[in-house]
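Biologist: Please put the structure up. I have some questions about how the chain is put together.

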Amino acid sequence: MSQTNMAHQAAEQPLVNLTLNKWFSYSDEIFTPIDNIPDKALGLFCIAFAGDFEEKHITSIVNFLATHNQTVTAMCQYQPDLGLAPALCFYAQNADKTINPLALQEFSSTLDCQLVQIATPPNLYEPGLLVMDMDSTAITIECIDEIARLANVYNDVASVTALAMAGKLDFSESLYQRVAKLEGIEKSLIEELKNTLPLMPGIKILCQILKQHNWYLAIASGGFVPFAERVQELINLDEVHANVLEFEGDKLTGKVLGTIVDAQQKAVVLEAIQQKLGFKKAQTVAIGDGANDLVMMAKAGLGVAVHGKPKVVEQAQAAICEGSLLQLLYMLAIPLEKEPTL
């Protein structure tokens with residue numbers, strides 16, 4: 001859906017002085033329309049979303065940014081999809097150092113909203129690449145933990161998973177340890193879990209919208225192929241990369257075959273797909289929740305922690321800390337579609 005159509009169909013706007021997708025200057029609580037559109041190659045964009053915004057929120061955010069030596073030169077209200085409430089974007093033309101996502105999270109909690117800050121935002125309306133983690137990102141569960149639950153070894157496996165996701169244990173070593181505990185599990189249990197995978201809220205519609213705009217979608221997962229292939233079917237992904245479990249007969253051997261999809265391999269996958277498609281880095285996005293996603297996220301034009309651990313939020317470029325993954329659109333659809341002249 002075009003931004004123009006979305007503006008016409010938008011829900012009642014909480015800030016009636018702000019026309020959707022129109023940029024304004026803001027001074028002394030006065031909004032003044034401006035003709036220029038920010039240059040996405042310069043400055044920083046701070047996005048406030050998932051809140052019920054009033055003018056006092058704008059003042060608070062502008063003042064907060066000022067305490068970090070960021071002067072807001074333009075702002076706008078926009079609504080990337082009718083399934084999302086309008087968001088606010090604050091543009092600081094001369095800023096170049098982003099505020100730590102944990103500091104943004106702490107401040108935004110006082111306003112009952114979420115805040116992210118990004119440079120050179122990707123453009124939803126140009127072809128791009130999204131590479132996502134699977135467990136606790138595209139789906140709400142950690143598959144290996146759920147297999148362990150079915151096999152009555154949940155506590156042993158989940159404790160190791162938690163250490164790995166928090167970055168306190170090497171991922172490959174943790175994977176070998178956990179899979180070893182699954183030796184002898186029936187293949188039928190794997191199939192049972194595969195057929196009941198719970199998708200993360202918002203991921204399906206997000207992928208539908210991205211596909212409509214010619215984005216390429218992939219999973220790079222430290223989980224396992226059967227589950228990744230099922231997610232691929234559910235949300236129409238272009239390709240998946242995950243670990244291969246070894247079976248002997250109809251039972252797990254407790255071993256993993258081939259190259260482990262760890263933090264480095266996830267980054268390799270992202271860069272290989274980017275090169276294959278010929279996309280510029282600014283049009284690549286990576287999302288994940290664990291420490292083993294950070295290398296991949298750093299290689300992308302935009303790396304977003306989703307429902308991530310504090311260490312991951314702190315090191316990511318941006319973070320969605322609660323709510324639907326559809327909110328990723330806020331970072332992809334800032335109204336910058338015209339030639340920048342500001």
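**Sheet, core and cavities**

Modeller: This is a predicted model. Start with S7 (residues 129-132) and S8 (residues 216-224), which pair in the parallel sense over four bridges.

Biologist: Which residue in S8 stands opposite Val131?

Modeller: S7 and S8 are parallel partners. Across that pairing, the residue opposite Val131 is Ala218.

Biologist: What is the order of the strands in the open sheet?

Modeller: Seven strands form the sheet, and the pairing is mixed. The edges are S10 (251-257) and S13 (318-320), each pairing on one side only. Read across, the order is S10-S9-S8-S7-S11-S12-S13.

Biologist: What does the twist average from one strand to the next?

Modeller: The sheet is open, with S10 and S13 as its edge strands. From one strand to the next, the twist averages 25 degrees.

Biologist: Which helix lies across S8, S9 and S10?

Modeller: Look for residues 171-180. They lie across S8, S9 (239-248) and S10, and run at about 165 degrees to S10. This is helix H6.

Biologist: What angle does the direction of H8 make with that of S7?

Modeller: Helix H8 covers residues 203-212 and packs on the sheet. It touches S7 and S8. Its direction and that of S7 make an angle of about 155 degrees.

Biologist: Is Ser174 buried or exposed?

Modeller: Ser174 is found in H6. Beyond its neighbours within four places in sequence, Ser174 is in contact with Val160, Ala164 and Leu169. Its relative accessible area is 0%, so Ser174 is buried.

Biologist: Why is S11 described as largely enclosed by the rest of the structure?

Modeller: S11 spans residues 284-288. Thr284, Ala286 and Gly288 point one way, while Val285 and Ile287 point the other way. S11 is largely enclosed because the number of its five residues that are buried is five.

Biologist: Which residue in S11 does Met132 stand opposite?

Modeller: S7 and S11 pair in the parallel sense over four bridges. In S11, the residue opposite Met132 is Ile287.

Biologist: Which residue in S12 does Gly288 stand opposite?

Modeller: S11 also runs parallel to S12 (residues 302-306), and four bridges join them. Gly288 is one of the S11 residues that are buried. Its opposite residue in S12 is Ala305.

Biologist: How many cavities of 30 Å³ or more are there?

Modeller: Rolling a probe the size of a water molecule over the atoms shows where empty space is left. The largest cavity holds about 120 Å³ of space. The count of cavities of 30 Å³ or more is two.

Biologist: Which element gives the most to the lining of the largest cavity?

Modeller: The lining has 16 residues, and the closest to the centre are Asp135, Glu142, Phe171, Gly222 and Gly223. The elements that give two or more residues are H4 (143-150), H6 and S8. With four residues, the one that gives the most is S8.

Biologist: How many disulfides does the structure hold?

Modeller: A disulfide needs cysteine sulfur atoms within 2.5 Å. For Cys76, the closest cysteine sulfur is in Cys89, 5.2 Å away, so that is too far for a bond. For Cys321, the closest is in Cys113, at 11 Å, which is also too far. The number of disulfides is zero.

Biologist: What separates the C-alpha atoms of Gln93 and Ala74?

Modeller: Gln93 sits in the loop between S5 (87-92) and H3 (101-109). Gln93 is partly exposed, with a relative accessible area of 25%. Gln93 and Ala74 are 19 residues apart along the chain, and their C-alpha atoms are separated by 8.2 Å.

Biologist: Which residues does Glu314 touch, not counting those up to four places away in sequence?

Modeller: Glu314 is found in H12 (residues 310-315). Its relative accessible area is 40%, so Glu314 is partly exposed. Asn94 lies 220 residues away in sequence and 23 Å away in space, C-alpha to C-alpha. The residues that Glu314 touches are Asn100, Pro101 and Leu102.

Terms used: Residues are numbered from 1 along each chain as its sequence is written. This is a predicted model: local features need pLDDT of at least 70, side-chain atom pairs count only at pLDDT 80 or more; totals for chains, interfaces and linings use all residues. Side-chain values use heavy atoms; hydrogens and water are left out. Two strands pair if DSSP finds at least two bridges between them. Axes are lines fitted to C-alpha atoms, for helices over the stretch in contact, and angles run from 0 to 180 degrees between N-to-C directions. Contact means heavy atoms within 4.5 Å. On a 1 Å grid over the protein atoms alone, a cavity is a set of points where a 1.4 Å probe fits but cannot get out, and a pocket is an open set with protein on both sides within 12 Å along at least five of seven lines; lining residues have an atom within 4 Å of a point. Grid points are joined across faces, edges and corners, and a volume is the space filled by probe spheres set on the points. Buried means under 20% relative accessible area, exposed over 50%, partly exposed in between (1.4 Å probe, protein chains only).
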